[in-house]
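Trainee: I have the sequence and the model open. Where should I start?

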Amino acid sequence: MASATKRIILSSGWVKIAEAKGREAMAMIDAYGAVQLAVADGEPPRGDVASGHSLNGSMMWPVKGAEIIWARGAGVAVSVTLLKVVPEFATLDSAALKVATASAQAVATAAAGAAATADAKAVTADNKATAADAKATEAQQVQARRDFGKWQLIDYLAIFLSSAEYGAVLAGDIASQNEIANTMAVQAMHDDFMTWWNAARWRTGELIYPAANIAINDELFSEAFADALWGFGASRGGNRVMMRFDNTVFTLKNWTGRAAVRTSGYFAEQNITYPVPKAVFRWMQKEGRAWYPKIIGAVKIMGEGNPETDPVGVWVKNVSKPRGQTLDVQNLSNTNVFLDNVLNGDFDNLDAFSGGFQPTEFGGATGHMPGEVRFANVGAVVTATQAVFDASHVGKYFGLAGASFWDGETRLVHWSTIASVDSPTQITLSTAPAVNVTGVCASFEAMRASTSGTTWTMSASLSESQVGRLVTLVGARHAGSSSNVGTLTTTIISHSGNTITVADAPVDDVTDALLVFSPLLWIGGPEDGTDRRTDNVGFSNLRLESTDSWQTSCVPCVISNASTMRMDNAKLHGSAVSANNFGGTAGAIVLGRVNGLTFDGALSQATRSPRYGAIIGSGGWMVADFRGKYTVYPENNRSAMVYLDPILPPEASRVAIYMGMSPSSPGFPTAAQAALRLGPNGRDGMVVSYGSDRRASQDASHLFPTDMGDVTARSYGGPGVAVGQADGVVGQLMPVGFGGDSGNVAPSLPPSNDLNLAINRHGRVRTNTETLNAPASGAWLVDLVFSGGSDHTIQVAYSRGAPSRIARRRVTSDGLTATPWAPIWAGNSGTTAQRPTDPLMAEQYFDTTLGLMIVWNGTAWTDFAGNTV
């Protein structure tokens with residue numbers, strides 16, 4: 001007969017795994033890793049004497065009397081089954097034989113009655129023996145797989161779980177699963193793999209995860225694994241691992257906590273003693289950009305939707321050439337994917353849905369109004385179905401869904417500041433909505449912060465602690481970052497009310513800056529002074545959607561520091577207005593520093609902010625292409641497609657954003673909406689249409705000509721267009737009117753109001769009574785005819801009043817020499833009283849009173865005979 005099978009996790013010291021207890025027995029031992037075995041009576045073997053028998057697999061070991069089997073092997077799991085051995089009978093003498101015979105006859109009847117029971121026990125023993133044989137065979141198969149570098153999670157689940165718990169995993173019954181044992185099994189597999197993987201160079205392994213929904217309560221990788229991975233040196237640069245997921249789901253259940261003080265890897269090396277975020281999947285390496293697993297198949301992380309305890313989903317640091325097929329993160333109230341210093345990678349089918357975290361200026365526990373409260377208005381007066389307002393809300397923006405103007409498809413969100421809080425259920429807005437609504441959702445805008453070193457004051461108080469959460473301050477940078485990085489990402493290390501203390505201070509303090517808490521996707525480089533970044537990473541079929549819940553409105557994507565990045569068939573989806581707190585989606589994407597981003601997809605319901613835009617640019621270096629569709633439905637009365645405020649002054653910034661996105665509303669922008677909204681350091685020309693010539697910054701040189709066929713344009717502008725009479729650069733366009741002989745724009749005065757300076761160009765100017773070197777007093781229009789050489793400009797002047805007069809002169813190219821104004825006969829005539837009062841030399845005039853043609857000789861009017869008339 002056999003004892004129950006025991007599962008034991010060994011340590012580095014000797015551990016008792018089986019004992020004979022005066023019997024004779026056979027121990028069947030399965031070791032899932034390298035262990036040492038020894039047999040001793042009573043006390044464990046002395047470590048300096050007994051090295052033990054080495055085992056990595058299965059074996060049978062006989063024991064008897066007081067013998068005890070001892071084993072050691074840090075973190076290795078073993079299972080032990082003790083089989084009883086029946087001793088043979090000794091040879092009996094004749095007396096004993098008689099006694100035995102009599103005794104046998106006495107118990108014959110009882111023995112016969114027990115025969116059936118004995119048969120049944122024999123069957124049971126056979127079954128147990130068969131099971132033992134099967135277990136031994138299974139152990140051999142497991143070892144065979146490991147011999148070829150394959151590690152299967154299902155093997156560990158079979159060891160750590162009871163049959164009922166194992167069945168619950170296979171059935172996907174989360175409620176019945178033992179999440180603690182599941183987590184131990186996953187970590188044990190990874191630890192065993194790391195021991196093997198790190199033992200030699202050029203080892204290539206495969207981790208295989210079953211098609212199951214597995215409940216877990218802690219990280220997939222232990223602190224020991226994380227420490228070993230961080231210590232992977234250059235000598236292990238050739239080691240590779242592939243993770244194969246067969247539609248595996250890891251569901252968080254009773255998660256241990258959002259953050260913890262870490263004792264391993266990067267955090268230990270940096271001597272970080274404050275709580276930092278936990279992560280379901282944490283893969284951090286030290287050696288520059290080390291190799292990352294190749295992930296095959298589909299894996300899903302399902303959060304608990306609990307902002308207080310949900311960890312980061314995937315946190316990757318310092319890796320090269322990551323390959324991910326299908327990753328789905330849902331219902332996780334934290335950053336879903338955090339990519340820190342990633343190089344040359346490809347991610348396909350990355351989905352993050354109904355997750356993230358972003359408090360609004362509502363305040364309260366987490367910055368979120370209750371999900372069930374609804375709102376109505378009569379004019380500027382808004383009422384709530386629950387008590388949600390307090391005095392701190394005065395002056396803050398409040399957005400009321402469906403209460404603004406009609407844009408051709410729907411009524412937009414109406415944003416207005418709160419003029420007064422009339423009661424806990426009523427406020428009065430500064431600006432009345434366009435229409436009255438009832439039973440709708442509403443929101444405050446996303447949280448902002450002002451800084452004083454590492455002490456930051458938020459624009460609203462939160463009662464639920466945010467310690468251990470990563471946050472990104474927009475428009476600031478770390479002391480170790482390049483001067484053109486426009487975001488600072490750091491960890492909250494203490495929190496009370498509206499005051500947080502963070503691990504890193506910005507170089508320059510900021511006021512009322514957007515404070516992003518937990519986006520769905522964060523991309524950048526380490527905030528540790530190395531100024532490294534994520535580079536050459538592509539995403540195909542990327543979908544980030546912060547919708548579906550009153551707690552999940554957030555900024556879908558933050559790119560803190562990256563270059564050469566593509567996002568194809570991408571969708572960045574903000575929060576729908578069918579749930580409260582939609583203002584958490586301050587924008588769809590934040591650009592801290594990006595040199596070469598190509599985005600092709602959709603920005604949907606992408607900005608719920610009254611002050612920012614769907615694309616928020618704060619970096620001093622931003623070169624990016626956006627094309628696809630910008631879905632303004634249902635945006636707000638203050639929406640903007642792009643908000644720009646580079647961290648550097650305009651003349652020092654390198655910004656060239658090319659927009660090829662078409663808004664779905666033909667009426668956009670209307671009223672306070674804007675295609676481009678500029679902060680203090682933003683300026684026109686930083687955003688141009690997608691078909692524009694690509695440049696490194698807004699002021700960089702154009703390298704190639706633009707070759708176009710027929711051109712249809714509404715208007716022209718920019719430095720290539722002359723906008724006044726003083727312009728005269730070769731190659732410029734002259735809009736209608738500004739050429740002086742087209743359109744309905746009045747000609748300008750000459751430079752410095754001096755006709756001697758209206759030279760070396762074609763055009764037309766006008767004079768007034770203060771104009772120098774005019775033909776005569778009064779108002780004239782002067783045509784400028786440039787000869788094309790260096791000798792002169794011909795000026796022809798036309799009087800604007802009666803009588804009609806024309807004069808001509810020539811001005812040299814330096815403006816210093818001019819011929820006298822010479823009159824040109826223009827058929828001017830009139831009465832004696834109407835003669836010109838400021839005639840030109842040789843000017844002719846027909847005097848209708850005298851019926852005589854007369855001429856001015858410089859001092860008097862005379863007839864052709866020279867007589868004064």
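Trainee: Which residues of α4 are buried?
Mentor: Helices (DSSP runs of H or I, at least four residues) and strands (E, at least two) are numbered from the N terminus. Buried means under 20% relative accessible area, exposed over 50% and partly exposed in between, with a 1.4 Å probe and protein chains only. By that cut-off, the buried residues of α4 are L153, D155, Y156, L157, I159 and F160.

Trainee: What kind of model is this?
Mentor: Residues are numbered from 1 along each chain as its sequence is written, and side-chain values use heavy atoms, leaving out hydrogens and water. Local features need pLDDT of at least 70, side-chain atom pairs need 80 or more, and totals for chains, interfaces and linings use all residues, for this model is predicted.

Trainee: How many of the 8 residues of α4 are buried?
Mentor: Helix α4 covers residues 153-160. The rest of the structure largely encloses α4, because the buried count is 6 of 8.

Trainee: At what angle do α4 and α5 pack?
Mentor: Two packed helices are described by an angle and a distance between their axes. Axes are lines fitted to C-alpha atoms over the stretch in contact, and angles run from 0 to 180 degrees between N-to-C directions. For α4 and α5 (residues 163-171), the axes are 8 Å apart and the angle is about 145 degrees.

Trainee: Which residues of α5 make the contact with α4?
Mentor: Contact means heavy atoms within 4.5 Å. From α4 come I154, L157, A158 and F160. From α5 come E165, Y166 and V169.

Trainee: How many residues of that contact are charged?
Mentor: Ala, Val, Leu, Ile, Met, Phe, Trp, Tyr, Cys and Pro count as nonpolar, Asp, Glu, Lys and Arg as charged, and the others, Gly among them, as polar. Between α4 and α5 there are 6 nonpolar residues and no polar ones. The charged count is 1.

Trainee: How many aromatic pairs does a search of the whole structure find?
Mentor: Rings of Phe, Tyr and Trp (its six-membered ring) pair if their centres lie within 6.5 Å; planes under 30 degrees apart are stacked, over 60 edge-to-face, the rest tilted. On that basis the total is 33.

Trainee: What is the geometry of the W151 and F193 pair?
Mentor: The ring centres are 6.0 Å apart. The planes stand at 85 degrees, which makes the pair edge-to-face.

Trainee: Which residues form one aromatic cluster with W151 and F193?
Mentor: The cluster takes in Trp and Phe residues. Besides W151 and F193, they are W196, W197, F221, F225, F232, F281 and W283.

Trainee: Which residue lies over the face of W621?
Mentor: A charge sits over a ring if NZ of Lys or CZ of Arg is within 6 Å of the ring centre and within 35 degrees of the ring normal. K317 lies over Y266 in this way, at 4.5 Å. Over W621, at 4.0 Å from the ring centre, lies R654.

Trainee: Is S553 buried or exposed?
Mentor: S553 is in the loop between β35 (543-545) and β36 (557-559). Beyond four places in sequence, S553 touches residues including F357, Q358 and S575. Its relative accessibility is 2%, so S553 is buried.

Trainee: Which residue's backbone nitrogen does the S553 side chain reach?
Mentor: A polar contact pairs N or O atoms within 3.5 Å; within protein, one must be able to donate a hydrogen and the other to accept it, and residues adjacent in sequence count only if both atoms are side-chain atoms. The S553 side chain reaches the backbone oxygen of N581 at 3.2 Å. At 3.3 Å, the backbone nitrogen belongs to G584.

Trainee: Is S463 buried or exposed?
Mentor: S463 is in the loop between β29 (455-462) and β30 (470-474). Beyond four places in sequence, S463 touches G364 and A365. Its relative accessible area is 62%, so S463 is exposed.

Trainee: What is the phi of N247?
Mentor: N247 is in strand β12 (residues 240-252) and is exposed at 56%. Although N247 is not a glycine, its phi is positive, at about 55 degrees.
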